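Reader: I've got a model open on my screen and I'd like to learn how to read it. Can you walk me through it, feature by feature?

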Amino acid sequence: MKKLISLFVILLTISCSTVDDLNTSTQNPVDVYIAGVKNYSATYWKNNQPYLLSGGDGGEATKICVSNNNVHVLGKKTSDNWITEYLHWENGNLTNLNTAFNTPAQYVHSITDMEIVGNDVYFVGYTKNPLISAEIYELVYWKNGVKTVLDNNINNPTFQAKIKVVNNVIYVIGYTSNCFNSCHGIYINNAFQSVYVGDLLKDITVKENQVYVYGTNTSTNTGFYKNMATGVETNLTTIPSVYKLLFDNNNTYVADGVNIFKNNTQIYSSSFFSFYIDFIALNNNVYILKREGDFGTFDALYVNDVNVFQIFVDQGKFNALTVVQN
């Protein structure tokens, strides 16, 4: 397989969401993975080579992780009875997560995130008792197929719960029903910690084994991030929300859903002809998946503003990015 070496830049991830430093001057070869859709089927690309996923007809791949040389893809599709089926492929081998996780008492309502650490596979999402019409759900996660219930009385299954595992500690962003005022926050090894009223968490990131949560304060319309170890919260008064947060060397990268900032300076702005889908920064290099053209006619991977790979929308689309050093 031809390795992709893109204009003196490289990117390294050792798991689904962990990025390590690498000397860019060496031009080390990397494998670049993109999750998405090709020819109306869930697909991932490795170094521009497409791999259509078995059982993915009519579906899409939404997240991709590589760990211990194993490729994990999370995807979904709508079945003939209009039920969303959530799918996981490991090295191309398909598991229907609805079938694997459904029980007579609780059916899978949604799988909202995946995390891979070594050979351990985590999913987080919601389940529901099919015999009860009331909109009551369980917030749960699975580790290697074993289910843990975080809350069994959730009424907001539309929130995209997120999961991160760092040093054997499991972090899950979500809601709790056991509250008086602040019901939103983060579970740390199943124990819930609320955030301030008005704070809405988006996701979790890691810097040097320290965990940060981030999101927006809906009362002040300002973005923020918080170090969970020190409790220090950083407010971004000029950025209304933090949809993605990355640390690279001494730099902080923030995306607000439209724009991307480096150390509070805007380095990319979405427009009618271009908006970002996903991005990663490493060693002062920025990798962005974009949808471009009139009304979004093609998706492209840009490395430091250079288009290195693209697909037209009549052929497919891109959803997420992972890159691994060889």
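**Reading the model, residue by residue**

Author: Let's begin with one serine: Ser110 counts as buried, because its relative accessibility is 7%. Keep in mind that this is a predicted model.

Reader: Where does Ser110 sit, and which residues does Ser110 contact, leaving aside its neighbours within four places in sequence?

Author: Ser110 belongs to strand β8, which covers residues 107-117. Leaving aside neighbours within four places in sequence, Ser110 is in contact with Tyr86, Gly125, Tyr126 and Pro157. There's a polar contact too: the side chains of Ser110 and His109 come to 3.4 Å.

Reader: On to salt bridges. How many does the structure hold?

Author: The idea is a side-chain nitrogen of Lys or Arg within 4 Å of a carboxyl oxygen of Asp or Glu. The structure holds 6 salt bridges. One of them joins the side chains of Lys317 and Glu60, at 3.3 Å from N to O. That pair links distant parts of the chain, with Lys317 in strand β28 (residues 316-325) and Glu60 in strand β4 (residues 59-67), 257 residues apart.

Reader: Are Lys317 and Glu60 buried or exposed, or something in between?

Author: Buried means under 20% relative accessible area, exposed over 50%, and partly exposed is in between. Lys317 has a relative accessible area of 29%, so Lys317 is partly exposed. Glu60 comes in at 18%, so Glu60 counts as buried.

Reader: Which residue does Asp113 meet in a salt bridge?

Author: Asp113 pairs with Lys63, their side chains meeting at 2.6 Å, N to O. This pair also links distant parts of the chain: Asp113 is in strand β8 and Lys63 in strand β4, 50 residues apart. Asp113 counts as buried because its relative accessibility is 3%.

Reader: What about Asp278, which residue does Asp278 form a salt bridge with?

Author: With Lys244, where the closest N and O atoms are 2.7 Å apart. Asp278 lies in strand β24 and Lys244 in strand β20 (residues 244-248), so the pair ties together parts that are 34 residues apart in sequence. Asp278 has 12% relative accessibility, so Asp278 counts as buried.

Reader: Back to serines. Where does Ser67 lie, and is Ser67 buried or exposed?

Author: Ser67 lies in strand β4. Ser67 has a relative accessible area of 3%, so Ser67 is buried. A polar atom of the Ser67 side chain lies 2.9 Å from the backbone oxygen of Gly118.

Reader: What do I find at Val197, and which residues is Val197 in contact with?

Author: Val197 is found in the loop between β15 (191-194) and β16. Val197 counts as exposed because its relative accessibility is 54%. Leaving aside neighbours within four places in sequence, Val197 is in contact with Asn181, Ser182 and Ser219.

Reader: How do I compare distance along the chain with distance in space?

Author: Pick two C-alpha atoms. Lys207 and Thr95 are 32 Å apart in space, C-alpha to C-alpha, and 112 residues apart in sequence.

Reader: Where does Lys207 lie, and what does Lys207 touch?

Author: Lys207 lies in strand β16 (residues 199-207). Not counting residues up to four places away in sequence, Lys207 touches Tyr212 and Phe247. At 27% relative accessibility, Lys207 counts as partly exposed.

Technical notes
Residues numbered from 1 in each chain as written. Predicted model: local features only at pLDDT ≥ 70, side-chain atom pairs only at ≥ 80, totals over all residues. Heavy atoms only, no water. Helix = DSSP H or I, 4+ residues; strand = E, 2+ residues; numbered from the N terminus. Buried < 20%, exposed > 50% of the residue type's maximum accessible area, 1.4 Å probe, protein only. Polar contact = N/O pair within 3.5 Å; in protein donor to acceptor, adjacent residues only side chain to side chain. Contact = heavy atoms within 4.5 Å.
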